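Please look over the sequence and the structure below before reading on. The paragraphs that follow go through the two chains, one part at a time.

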Amino acid sequence: MKKGLILVTSGYERFVHWMLAISCLLLCYTGLGMMFESLNFFGVIFGGLKGLKIAHNFIGLVFGVALGLAIKMWWKEAGVFVFPEDFEWFKTAGGYLWHVDKVAETGKYNPGQKMFFLTVAAFGLLMFVTGFFHVVSGILSLGKRSAALALPIACIGVCGDFRVFLCSFVSGYYW
Amino acid sequence: MAEKIKLYDDSKCTACRGCQLACKQWNALTASQTENRGTYQNPPSLAPNTFMIIHYQDYVDGKGNVKWLFRKEACMHCTDAACVTVCPSGALHYNKETKTVGLDHEKCIGCRECVAACPFEIPRYDAKTEKVYKCDMCESRITNNMEPACVKACPTGALQWGVKEDILKAAARRVETLGGDAATYGDKYVGGTHFMYVLKEKPAVYENIHKDPKVPLSVTIWKGWLKPLSLLAAAGVVGGSFLHYILHGPKRPDPEPTDEKTEGGK
């Protein structure tokens, strides 16, 4: 550790974070390859679309585990809002959207980060659950009823995209 | 080539099952071990190696007369086909000429989305080959100006293959001739099918018929509406980021406060 620097995240935190991030990006890549016919060529590096699908299923499991660990690990710090401090932050939108002289002090993570964490947690869980049904309904041939549960996976991809959209804005300010 | 459809007229069908055999032969499908289940209907249902069957049904009408009802079950080749919409690999596709629904097994990855989506419960999954199978309206024949194998084999004229408008007219005429409860089935659903029935009784009377087949709502919502939206969102990510970059650029860190003022953490 270099002198004058503060350790913000432990090695375990960084490991879980990257496990979640890498599996999520791989899921995006493999998912898009199946969602759009024009992107079917994404399957080439997996030895074809069938390989892509199998990889997608297993990466989904890794994603589920990573998500569970991440939620457990960050819930106390980033999962619950603390009032009134967080409310003060909201009033200024954290200084992101207009000029603010003084941004309210918050805990380790500010409410913006908390909202982002909660979005990841909620949609990640939705993604995992629907994906699980998607796989299982195929194996067990549960038929029509499960289809209603299985198909939302495509939509969750949309939400995923939207998340990245939000994320790019937020991180744009940090860079 | 004009859009063509297939017509099955149950009032002309003798259930000889010549079509079933011709289907197996043309598509080089294996036979299954049959079993006496107290009906002539065999095989009992569609299977990966059975693209069509004739249903046998003992039906007692309002006057107490026993009738035999037959029905040919096979892919209906929807105009708005849920299976084509959900297929991730393009294995299920519309035939460019006849608009029927073909299936390219080279591309099929066995995900079974079509099995869940089909309003008529047609596609069947084979665990051995890990692929899905169904009638493709003898794509190899119809694209070469021949009728499907089942139509070719039919000795009574219960099966016809022809230009859509002509078949629709012929079906309407036949229903009129039959009178009573006779009705057409198929032409009204899922944007019109490329396989339709003339039935001598009300469609609801037929066993295992799909009374109100439609594209599942989940397919319409996710694939029809939200899938295009996701493209918009993706474009938003790229466009928004770029716009932000050219308008605001990167954030430069505020100048560090001098050590003097912050000494002691106050």
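In helix H1 of chain A, the buried residues are A:Val16, A:Leu20, A:Ser23, A:Cys24, A:Leu27, A:Thr30, A:Gly31, A:Gly33, A:Met34 and A:Met35. The model is a predicted one. Helix H1 of chain A covers residues 11-35, which makes 25 residues. At 1.5 Å a residue this helix should span 36 Å, and its end C-alpha atoms are 35 Å apart, so the two values agree.

What else does chain A contain? Chain A has 6 helices and 0 strands, and from the N terminus on its elements read α-α-α-α-α-α. Of the 175 residues in chain A, 27% are buried. Among the contacts in chain A with a separation of 6 or more, 55% are between residues 24 or more positions apart.

Chain B contains a sheet. Its 4 strands form an open sheet in the order S8-S1-S10-S9, with mixed pairing. Strand S8 (159-163) and strand S9 (183-185) of chain B stand at the edges; each has a single partner strand, so one side of each is left without a neighbour in the sheet. From one strand to the next, the twist averages 25 degrees.

The pairing can be followed strand by strand. Strand S1 (residues 4-9) and strand S10 (residues 195-199) of chain B run parallel and are joined by 4 bridges. B:Lys6 stands opposite B:Phe195 in S10(B), and B:Asp9 has B:Val198 as its bridge partner. S9(B) pairs with S10(B) in the antiparallel sense, over 3 bridges. Here B:Thr184 has B:Val198 of S10(B) as its bridge partner.

Is S10(B) enclosed or open to the outside? In S10(B), 5 of the 5 residues are buried, so this strand is largely enclosed by the rest of the structure. Both of its faces are covered: buried B:Phe195, B:Tyr197 and B:Leu199 lie on one side, and buried B:Met196 and B:Val198 on the other.

Helix H6 (residues 164-178) of chain B lies across S1, S8, S9 and S10 of chain B and runs at about 135 degrees to S8(B). H6(B) has 15 residues and reaches 21 Å from its first C-alpha to its last, close to the 21 Å expected at 1.5 Å a residue. Just after H6(B) comes B:Gly179, with a positive phi of about 65 degrees.

In soluble globular proteins, nonpolar side chains tend to be buried together. The largest nonpolar core here has 65 residues, and the members that touch the most others are B:Met52, B:Ala82, B:Cys83, B:Cys114, B:Ala117, B:Cys118 and B:Cys150. S10(B) gives the largest share of this core, 5 residues. Apart from this core lies another, of 11 residues, among them A:Val16, A:Leu27, A:Phe63 and A:Trp74. Leaving aside its neighbours within four places in sequence, B:Met52 has contacts that include B:Cys19, B:Lys72, B:Cys135 and B:Cys150.

Finally, chain B is divided into domain 1 (4-215) and domain 2 (216-249). Taken over C-alpha atoms, the centres of these domains of chain B are 39 Å apart. Where they touch, 5 residues of domain 1 are in contact with 4 residues of domain 2. On the domain 1 side of chain B, helix H2 (residues 82-86) gives the most, with 3 residues.

Methods. Residues numbered from 1 in each chain as written. Chains lettered and ligands numbered in written order. Predicted model: local features only at pLDDT ≥ 70, side-chain atom pairs only at ≥ 80, totals over all residues. Pairing = 2+ DSSP bridges. Helix = DSSP H or I, 4+ residues; strand = E, 2+ residues; numbered from the N terminus. Axes fitted to C-alpha atoms, helices over the stretch in contact; angles between N-to-C directions. Contact = placed C-beta atoms within 7 Å. Expected span 1.5 Å × (residues − 1). Buried ≥ 20, exposed ≤ 12 C-beta atoms within 10 Å, placed from the backbone. Core = buried A, V, L, I, M, F, W, Y, C linked by C-beta atoms within 7 Å. Domains from an automatic or database assignment.
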